[in-house]
Amino acid sequence: MYKEAIQDAISMHELPSKWSSDVLNEAKTVANKKKIARYRKDLRKLNFATIDGEDAKDFDDAVYCVKNSNSFTLYVAIADVSFYVTPGSKIDIEAKKRGTSIYFPETVIPMLPENLSNGICSLRPNEDRCSMICEMSIGLDGKRNKYKFYSGLINSKARLTYNQVEKHLNKSSSIKQAGVRDSIKHLKDLTNLRLKLRIKRKALEINPMETTLKLNESKEVKKILIKKSLFAHKLVEESMLLANESAAEFMQERLNLGVYRIHEDPDPSKLEALKKHFKISPKLVKKLSPLEVVNLCLDQANEKNDSTGQILVLQSLARAEYSTNNLGHFGLQLGQYSHFTSPIRRYPDLLVHRLINSSLAQKKIQTRQNELQDECENSSMLERRAEKASRQVEQVLICTYLKTKIGSTMDGFVTGVTDFGLFVSLEPYFISGLLHVSDLPDDRYHFLSDRNALKGKRRGGIYKLGQKIKVKIAAIFPLERKINLVISNGK
């Protein structure tokens, strides 16, 4: 079923998954390009380290932090993909068509050929690598004072995992290299300051549960694990946020063109649905900004462990997209934001690198805004396609895993209400099934769209969004990703 699931996703979403010999030949040639150039700053003595998941192979970013008496200096080194992938080259045309790497459990369809993504571009330990450097000076209050971009040459001193760093921070084990240990210590101090500023600017703290599927040798689901949120994740995330914000600021101030990651304010009608669900008084609503409304609802949902509330908050938010119009980022509460830190796996990041490089080299940018806006819209569309394909494969694998549970009763909660039935999330398995309206007991139900509910015509019983419900799995069709549910014990 594993191969079928991936093949089905490739076919349904028309994913480019094979490399032409032309692209592979060009990749072979550019991988031999000389690394050292006169304009590169030699940073090979600095104690850079990569911090990634256990299974990562393409290392986009490495960090190094040093603290002195009055400031931090943070170096974020990003794989210099633009050095190897030039505009209009065969690799570039193929990367643009893919838009992003697509991740399935234990498989990836990369944006770049493997000898680039896992090879010469990847910031592997103890190997010289071309990088784009964002060097930032940050005050002891955590605020970024100055930044600069330049081309560099680094040699990462360690390939660390999040778990390793977490254990080191908890003093249950230690990182070998003394210079890397110092850098991590300073990064920890800086991250704590940055997290305080994040709270101060009221950035949204939405932490939906993420899962990892553990597969057995036959590529069937063995376990569904919930990803733990570690301080080590925040350590990397806050460094990347700083570099991305600096890239956006650089384009805004130095160029009349940029690729921004935008997140607009929520749609007012969706905010209305939130206010109703959380019963916020009209008097209070008048005094609150959209950000305050969302944060108030989020706090309530988190306090009550209200899964539906959290889902509603997520559904009320606009989708983050790429644009040449700098509209800011609502979720992060930043006036400007971009994606600069993952050019191995995201095409917009590569576009940002090229724009910054053009400015540094004082070259005139050839691309017009309308052409770049088309690129942004295409990248947003390809990102959505990748997410749908990834989720599709996960759902097929979970459905296959649940076939052994047909006839079992389990807890769920209503995540969607339509005129034809209820979508019920099966709590332990992070997937929803359909409880058809004709399988609801003892009555005929009609849909109340204004209340997100189904109401019985004779007895007046109500099924509504967020309701806890015991259901039984009646049937499963894995490749269709369909789970049919009935009420447990007919109640």
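Predicted model: local features only at pLDDT ≥ 70, side-chain atom pairs only at ≥ 80, totals over all residues.
Residues are numbered from 1 along each chain as its sequence is written, and side-chain values use heavy atoms, with hydrogens and water left out.

Let's start on the inside. In soluble globular proteins, nonpolar side chains tend to be buried together. A nonpolar core here is a set of buried Ala, Val, Leu, Ile, Met, Phe, Trp, Tyr and Cys residues joined through side-chain atoms within 4.5 Å; buried means under 20% relative accessible area, exposed means over 50%, and partly exposed is in between (1.4 Å probe, protein chains only). The largest such core has 81 residues, and those with the most contacts inside it are Ile51, Leu74, Leu116, Met136, Leu160, Ile184 and Phe340. Helix α8 (residues 231–254) supplies the largest share of this core, 10 residues. Helices (H or I, at least four residues) and strands (E, at least two) are DSSP runs, numbered from the N terminus. There is also a second, separate core of 59 residues, with Ala5, Leu274, Leu312 and Ala389 among them.

Now pick out Leu160. Leaving aside neighbours within four places in sequence, Leu160 is in contact (heavy atoms within 4.5 Å) with Ala49, Thr50, Ile51, Asp52, Val165, Ile175, Val180 and Ile184.

Val165 and Ile184 turn up again where two helices meet. Two packed helices are described by the angle between their axes and the distance between the axes. For α6 (residues 162–169) and α7 (residues 178–200), the axes come within 11 Å and cross at roughly 80 degrees. Axes are lines fitted to C-alpha atoms, for helices over the stretch in contact, and angles run from 0 to 180 degrees between N-to-C directions. So α6 is roughly perpendicular to α7, given that angles under 35 degrees count as roughly parallel, over 145 as roughly antiparallel, 65 to 115 as roughly perpendicular and the rest as oblique. On the α6 side the contact uses Val165, His168 and Leu169, and on the α7 side Arg181, Ile184 and Lys188.

Setting aside residues within four places in sequence, Glu245 is in contact with Arg144, Arg194, Leu334, Gln336 and Tyr337. Ser122, in the loop between α5 (114–120) and β7 (128–139), counts as buried at 0% relative accessibility. Beyond residues up to four places away, Ser122 touches Lys57, Asp58, Phe59, Leu116, Ser117, Arg129 and Ile344.

On to the cysteines. A disulfide is a pair of cysteine sulfur atoms within 2.5 Å, and a search of the whole structure finds zero of them. For Cys134, the nearest cysteine sulfur, that of Cys65, is 13 Å away. The sulfur of Cys376 is 20 Å from the closest cysteine sulfur, in Cys134, so a bond is out of reach. Cys134 is buried at 0% relative accessibility, and Cys376 is buried at 1%.

Lys279, between α9 (268–277) and α10 (282–287), has a positive phi near 50 degrees without being a glycine, and is exposed at 72% relative accessible area. Gln333, between β13 (321–323) and α13 (347–360), has a positive phi of about 55 degrees although not a glycine; Gln333 is partly exposed at 27%.
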